[in-house]
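Please have the viewer open as you read.

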Amino acid sequence: MAQETSRDQVGLVVPAFISDGPVGESVAYLIKLSVQGELRSEDPVTQKKGYGRGISYFVPAAMRTHSHEEAASLARLNGLQGTLWGYATQLPDGVAIQSFLSLSPTYEDFRVTRNELWQWEGRGATLVLGPPQKNVGFRSETLTNELVKAFGSPSDLKFCPVNGGACVRFDDYQVARAFERTDTGARVRRGGVDYFARFPDSGLLRSEVIDYAGIFIAYARGNLNQVIKFADRYLERHGPSDAAIDVHLYRAAAHTRLGQVDQARSDIDAALELNPVSRRSLRYGIMVELVADGTPNERSESYFQMLEGTYGLSSDFDRRYASLDR
């Protein structure tokens, strides 16, 4: 269990992708290392690296049931907050992958602080927003064929000590930390020793699923400056998409929690431009205004009128806002 590493982890489980061959393990293992390496990214404000606790945990077997419910259950079993999973199909000229992120419903894990829950108290009520979506699907991507030719399975990888010595293999594939992920390999640490594992460029470093996973983990860890940095990169690389709505909302929440209300409002506008009647965007817009002004205002009321008129009071958040003391 990932939780054996630390009982205060924030992170994602990455099981072997569903495939007809070992390529499913290869894809998942590289996703694990890529996500893990991102967690060391430098905070653009503090200039520090490696703060907080974050993990990506590889499971060398595909899920038996291919569903978001099974993926969320796998995350809970390992004491983590979500699962990155999907399908890998070998093609003549590469590997096609279809990826998903399934987040667990709120449950009592071992953390003292759950930063992914955004809370506001005032006017006689408490409102809470979790992540914009529990289940996220990403656009299909094609990885390079070099992945298949030169990297058949994680068990083929040799980990060579950075400071010299005999290269080794790890039967369980786990590493405590991945400090760097490049096109040619990853620098990892296990048992207090730094190793370098070499593998071909797969194309995953520029993948949508890697960029999105980094945003969620940074948000759940409370690394708000890193959320903004990762969201900027995602939107630059991947442009408009359904997942991009969530990226704008994560960035809006991060800006608001840092006191940057004008930037947050710009993100709400951008999310609503992608989908003018998105429930999650309207709720995040309401939250931005409550945090900014401490009371319902003209903006929050207009968002709520759209929300109620289109969907009714369909969640606890909606009903609590409707009951606010005005």
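## The disulfide

A disulfide is taken here as a pair of cysteine sulfur atoms within 2.5 Å. By that rule the count comes to 1 disulfide. Its partners are Cys160 and Cys167, with an S to S distance of 2.0 Å. The torsion about this S-S bond is about 105°, so the disulfide is right-handed.

How accessible are the two cysteines? Relative accessible area is classed as buried under 20%, exposed over 50% and partly exposed in between, using a 1.4 Å probe and protein chains only. Cys160 counts as partly exposed at 26%, and Cys167 is partly exposed with 38%.

## Ground rules and confidence

This is a predicted model, in which local features need pLDDT of at least 70 and side-chain atom pairs count only at pLDDT 80 or more, while totals for chains, interfaces and linings use all residues. Residues are numbered from 1 along each chain as its sequence is written, and side-chain values use heavy atoms, leaving out hydrogens and water.

The predictor's confidence in each residue, pLDDT, runs from 0 to 100. The chain averages 89, and 93% of the residues score at least 70. Helices (H or I, at least four residues) and strands (E, at least two) are DSSP runs numbered from the N terminus.

Two strands pair if DSSP finds at least two bridges between them. Contact means heavy atoms within 4.5 Å.

E10 (residues 177–181) and E11 (residues 185–190) are joined by 4 bridges and form a hairpin with 3 residues between them. Within this pair, Glu180 stands opposite Arg187 in E11.

## Two packed helices

Axes are lines fitted to C-alpha atoms, for helices over the stretch in contact, and angles run from 0 to 180 degrees between N-to-C directions. The axes of H6 (residues 242–257) and H8 (residues 279–293) come within 10 Å and cross at roughly 10°. H6 and H8 are therefore roughly parallel to each other, a class for angles under 35 degrees; over 145 is roughly antiparallel, 65 to 115 roughly perpendicular and the rest oblique. Residues that meet across this pair include Ile245 and Leu249 in H6 and Tyr284 and Val288 in H8.
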